[in-house]
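I opened my notebook to work through this model one feature at a time. Here is what I looked up, in the order I went.

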Amino acid sequence: MSLHFDGVALDYGARPVLRDVTLHAAPGEVVAVVGRSGCGKSTLLSLAAGLLNPTRGAVTRPAGRVGFVFQDARLLPWLTLRENLRLVAPTLSGAQADDWLARVGLRGRGTDRPGQLSLGMAQRAAVARALAVQPELLLLDEPAGALDELTAADLRAELADLLRARPVTTLLVTHHPLEAALLADQVVVLGGRPATVQGTLRVPGARPRDPDDPAVAGTMRDLRALIARADRAAPGGGEAA
Ligand SMILES: Nc1ncnc2c1ncn2[C@@H]1O[C@H](COP(=O)(O)OP(=O)(O)OP(=O)(O)O)[C@@H](O)[C@H]1O
Ligand SMILES: [Mg+2]
């Protein structure tokens, strides 16, 4: 149940976005993906999900269900949260759907519709939906992007617990070094235009990790240094440059 990108290139029409991307996630491994806005991280997740085909190279993904938390939550607005979960995981009872929602801090909100939620709540409901399908491949596009630090910490702790209880091969797009240091086994830095893999960091220590562990602070320092080095080596990546 591993995920492989081998020499993957992706062009949108005439626009080259990704070049020569090779990465491997072993079964149950969590690979964090970082890089400037617009460099192609969401595109990478779409390739992993099979929503896009590579222009060149090959993507080999685990057989089975995919849990995808899109950057925008993409809940169906006319269904309740409970119904949103049961649509993708029809064997769930209403109570089980509510239980998944409770795990992301949405206890008692099963009968709300997405329009009644804040952005961060919708994002957490999308995380519950992705986990409720018991996926073989989990794709998380900035799952804590709209959250305050305290709520983000709760979500990370919950994700760490769930991934320990049932390991899933995971790609996690994040702009947050702490998130990568806590949840990932490996961090891949994308940069340049078109984007290539600028560097990879192995995160030491078994998961779950304590945010106050000095080893986590060390990983964050190493990651910041790697990102800065990558940015100097391949300036002008993404849309911000
Ligand atoms: N459907 C599309 N058609 C054409 N170009 C696209 C499409 N989707 C994305 N792009 C372009 O591909 C590049 C990478 O976009 P992508 O959304 O993958 O970036 P990202 O790294 O996820 O950025 P962010 O951190 O802002 O979410 C950008 O230049 C974007 O304009
Ligand atoms: Mg994106």
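Predicted model: local features only at pLDDT ≥ 70, side-chain atom pairs only at ≥ 80, totals over all residues.

Which residues in H2 meet which residues in H3? From H2, I found Leu81, Arg82, Leu85 and Arg86. Their partners in H3 are Gly94, Ala97, Asp98, Trp100 and Leu101. I sorted this contact by class and got five nonpolar, one polar and three charged residues.

**Entry: how H2 and H3 sit**

I wanted numbers for the packing next. Two packed helices are described by the angle between their axes and the distance between the axes. For H2 and H3 (residues 94-103), the angle is about 105° and the axes are 9 Å apart. Angles of 65 to 115 degrees count as roughly perpendicular, so H2 and H3 get that label: they are roughly perpendicular to each other.

**Entry: H2 against H4**

Then I turned to H2 (residues 81-88) and H4 (residues 119-132), whose axes come within 9 Å and cross at roughly 30°. The cut-off for roughly parallel is under 35 degrees, and therefore H2 and H4 are roughly parallel to each other. I noted their crossing as right-handed. On the H2 side, Leu81, Asn84, Leu85 and Val88 make the contact. They meet Ala125, Ala128, Arg129 and Ala132 in H4. By class, I wrote down six nonpolar residues, one polar and one charged for the contact of H2 with H4.

Leu81 and Leu85 of H2 turn up in my notes for H3 and in my notes for H4.

**Entry: H3 against H4**

That left the pair H3 and H4. Their axes are 8 Å apart, and the packing angle is about 125°. That makes H3 oblique to H4. H3 passes H4 in a right-handed crossing. The H3 residues in the contact are Ala97, Trp100, Leu101 and Arg103, and H4 brings Ala125, Ala128, Leu131 and Ala132. What classes did I find here? The contact of H3 with H4 has seven nonpolar residues, no polar ones and one charged.

**Entry: around ligand 1**

I moved on to the ligand. How many residues surround ligand 1? I got 13, and the closest are Tyr12, Ser37, Lys41, Ser42 and Thr43. Which elements supply at least two residues each to this shell? They are strand S2 (15-25) and helix H1 (41-49). H1 gives the largest share, three residues. Sorting the shell by class, I counted three nonpolar, seven polar and three charged residues.

**Entry: what the record says**

Most residues other than glycine have a negative phi, and most peptide bonds are trans. Where did I find cis bonds? One joins Arg193 and Pro194, with omega about -5°. Pro194 is in the loop between strand S8 (186-191) and strand S9 (196-202). Another cis bond runs from Arg207 to Pro208, with omega near -5°. I located Pro208 in the loop between S9 and helix H7 (214-233). As for phi, Arg74 has a positive value, near 55°, and is not a glycine. I found Arg74 in the loop between strand S5 (66-69) and H2.

How values were computed. Residues numbered from 1 in each chain as written. Chains lettered and ligands numbered in written order. Near = placed C-beta within 6 Å. Helix = DSSP H or I, 4+ residues; strand = E, 2+ residues; numbered from the N terminus. Nonpolar A, V, L, I, M, F, W, Y, C, P; charged D, E, K, R; others polar. Axes fitted to C-alpha atoms, helices over the stretch in contact; angles between N-to-C directions. Parallel < 35°, antiparallel > 145°, perpendicular 65-115°, else oblique. Left-handed = near helix turned anticlockwise from the far one by under 90°. Contact = placed C-beta atoms within 7 Å.
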